[in-house]
Amino acid sequence: FYHMDLYGSKERFDIFPEELSNQGDRSLQDMKMEAALSSKKLQRPQEAGYDLEKEVAELAKMYGLDEDREKELELLGGHLEMVESRWLPARTEKAESQGSLYNASKSSSPVKDQSQSTEQQGLPGEASQDEDQSKARAEDETESHMWSREGLSSSGISDEWNSQAVSEEEEAAHVFCSTCKIPIRAFDKLFGDHKDHEVAQLPSAVESEKEEIHKNMCKLEEQIAQMENFASHLEEIFITVEENFGRQEQNFEVHYNDAVQVLAQKYEEQLEALGEEKQQKLEALYKQLVTCGEHLDTCKELTDTTQKLYLENDKANFMKVKSFNWQGLEEFLKKEVKLELSTPPDFKERTIDFSEVEQQMNSINTILAPCAPVINPQAPNAATGTSLRICWGLFSDDTVECYQLCYKPVSNEGHNDEQAEHTLKVKETYCTITNLLPNMQYEFWVSALNASGISPPSEKAVYVTAPSPPTIKSKKIRSCENAALVCWESQDINPVDSYTVELSKLTDEENDDITESIVGIPNCEVLIHLQARQSYRICVRALNLGGSSERSEPVVIHTTGTYFCLNEDTAHPLLAILDDGFTIACDELENPECDLPVYDNSFTRCIGILGSLIPFPGKHYWEVEVEEDTEYRIGVAFENTPRHGYLGANNSSWCMRHIITPSRHKYEFLHSGMTPDIRITVPPRRIGILLDYENCRLSFFNADIAQHLYTFNSHFQHYVHPCFALETPGILRIRSGIAAPPWTAL
């Protein structure tokens with residue numbers, strides 16, 4: 001780097017000052033660090049190749065592609081060869097360059113030593129101590145100079161190595177050749193063998209390969225699922241084959257036993273007939289043999305007698321005997337002797353009729369009649385008021401062409417046999433029957449049919465239709481500011497299980513209705529707690545095992561005040577209720593105790609009527625509009641107040657009475673026939689009545705002028721009814737469902 005003459009002179013110390021020496025030390029450390037970095041960079045391609053191989057191996061192991069190594073080798077083979085072919089020559093060249101630099105540094109050391117000896121010879125006149133010091137100093141400086149030169153050389157080598165590593169790194173493969181299926185450099189695509197090939201970015205190629213592997217994995221998973229399903233189906237088929245074999249074997253055994261039984265029966269019958277024929281033949285032959293023996297004995301006896309006669313020598317005796325026996329002999333000889341067999345020895349040819357056996361054998365492969373189905377019990381909410389849905393099942397593999405469903409209504413009077421049966425055929429295992437009566441029980445049974453016949457009927461099941469909608473009794477509805485008592489009646493003959501009341505709060509926006517339900521109501525009335533000064537629409541449903549009925553006709557209830565109706569059953573016959581339901585009138589009072597028809601609960605003496613019971617605790621307010629010239633009684637009374645007396649004349653009623661005297665309008669506040677002495681100067685035309693259960697008060701007001709008239713302080717042991725009566729012809733108008741005015745607060 002420097003001229004060689006400079007190494008032998010003192011001026012070299014000016015060329016390499018102390019700072020440069022320190023810089024050389026630092027460059028040595030930098031060289032070591034750069035060498036380590038370069039070694040790491042040399043290892044990166046190998047590590048990259050290793051990571052790629054490991055990743056592919058893990059993917060192959062994860063997706064079950066261990067056997068498919070061709071794509072892995074094809075993906076990794078070219079890349080690894082390129083890495084090895086590119087990095088091994090580079091490392092060899094770098095090692096050679098390092099060796100040459102090292103040798104050059106060593107070759108410079110003799111020159112340095114020679115210059116040092118020349119310098120020592122050029123200073124003979126100095127003292128030995130100065131020579132020793134200068135020697136030591138020169139040696140130290142020479143050593144530092146050598147390390148600095150080596151540090152500079154090493155620094156240059158590391159820079160060259162680093163730049164070459166960076167250049168090699170820049171030239172690493174980052175393009176994937178789709179034609180050759182290997183990673184390549186961009187240079188090879190522009191000027192190399194892959195110039196005309198289709199290439200793609202290496203990350204995108206890896207992603208596409210991964211997507212392809214994922215698609216193949218999904219296909220394999222689908223095939224695995226299909227094969228598993230098919231395998232399970234095959235297992236089911238195996239089981240079905242075994243079951244079918246068992247049934248066929250059992251069927252064949254049954255038919256075989258039947259055929260053997262028929263053959264045995266035929267054999268026994270034919271054998272019995274053959275024995276009877278044998279018995280008949282033997283008996284006939286035996287009779288013929290006995291007859292032949294008897295005839296033979298007679299012949300022998302006649303022969304002996306004839307022979308004796310023939311040997312008789314006395315002619316007279318001969319003629320006597322001859323004349324005596326000759327007639328019998330002639331008769332015997334005249335008889336025809338049958339020498340033929342009475343019955344032939346051969347038996348009739350008997351053939352067994354196998355038609356029945358053949359029919360049984362031919363029916364082995366025919367379809368058997370199905371077993372009896374099983375009808376399901378009624379499911380909840382599976383019925384309406386006029387229809388039922390019936391379901392059943394066949395717990396066997398019998399062949400069924402259709403089902404025969406039969407049903408009839410169940411009578412509560414026990415005359416089920418007299419009810420008409422209905423039959424229909426269906427293909428499915430369910431059926432919906434329509435045109436039925438609401439809340440009625442029906443009995444169902446079902447049979448299965450095929451070509452061989454009909455199965456036995458199933459067990460009978462009882463289904464019930466849903467009830468018909470109840471009818472709300474509008475005239476019996478009572479309400480107050482925080483509650484309402486709703487009554488209804490059922491239109492069904494049979495009782496229902498329970499009722500459900502549905503209420504919705506009426507608001508300005510219909511979509512904001514708040515719907516609530518009260519379920520499990522056993523009776524035909526319910527007390528509902530409501531919010532004050534609101535309007536509600538209320539409907540009722542009836543429920544049984546079959547389901548819920550349709551909603552009843554809705555009614556609207558306003559909780560602005562106490563609302564009640566007039567009880568017509570308690571009205572006197574002369575008292576009329578006008579169309580609005582809240583106005584009572586009486587035209588004549590000539591004979592209050594007339595002979596008009598009366599009800600058991602109606603007034604007979606006082607021309608009065610009771611309102612509905614007010615069963616709500618708290619305060620209740622209503623008003624009565626009266627005419628100035630009408631005499632009347634208004635107030636409250638218990639349910640058991642006497643119907644043959646007057647209101648206020650007993651201890652079960654409290655009322656305000658107005659009568660007209662010649663001098664003035666007189667007002668009485670009666671209870672048990674007693675009244676305080678109170679004078680009212682302004683006759684009220686609109687009377688307000690305030691009933692306070694909690695404070696045990698009954699107050700009367702002149703509503704027109706907000707004047708308090710009188711207050712009963714009495715403990716009401718039971719809930720009371722509003723009561724009204726007329727003592728002269730006139731009209732009373734009742735206003736209920738109104739809020740209590742603020743001036744009623746005492």
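**Close-up views of side-chain contacts**

**View A.** Lysine 475 is exposed, with a relative accessible area of 61% (exposed: over 50%; buried: under 20%; partly exposed: in between; 1.4 Å probe, protein chains only). The model is predicted: local features need pLDDT of at least 70 and side-chain atom pairs pLDDT 80 or more, while totals for chains, interfaces and linings use all residues. Residues are numbered from 1 along each chain as its sequence is written, and side-chain values use heavy atoms, without hydrogens and water. Lysine 475 forms a salt bridge with glutamate 568, their closest N and O atoms being 3.7 Å apart (salt bridge: a side-chain nitrogen of Lys or Arg within 4 Å of a carboxyl oxygen of Asp or Glu). Lysine 475 lies in the loop between β12 (471-472) and β13 (478-479) and glutamate 568 in the loop between β21 (566-567) and β22 (576-577), so the pair ties together parts 93 residues apart in sequence (strands: DSSP runs of E, at least two residues, numbered from the N terminus). Glutamate 568 is partly exposed, at 45% relative accessibility.

**View B.** Arg633, Arg657, Lys666, Glu668 and Glu727 are linked in a salt-bridge network. Glutamate 727 meets arginine 633 at 2.3 Å, N to O. Arginine 633, in strand β26 (residues 632-637), is joined to the loop between β32 (721-726) and β33 (730-735), which holds glutamate 727, so parts 94 residues apart in sequence are tied together. Arginine 633 is buried, at 6% relative accessible area. Arginine 657 and glutamate 668 form a salt bridge at 3.5 Å, N to O, and both residues are buried.

Methods. Helices (H or I, at least four residues) and strands (E, at least two) are DSSP runs, numbered from the N terminus.
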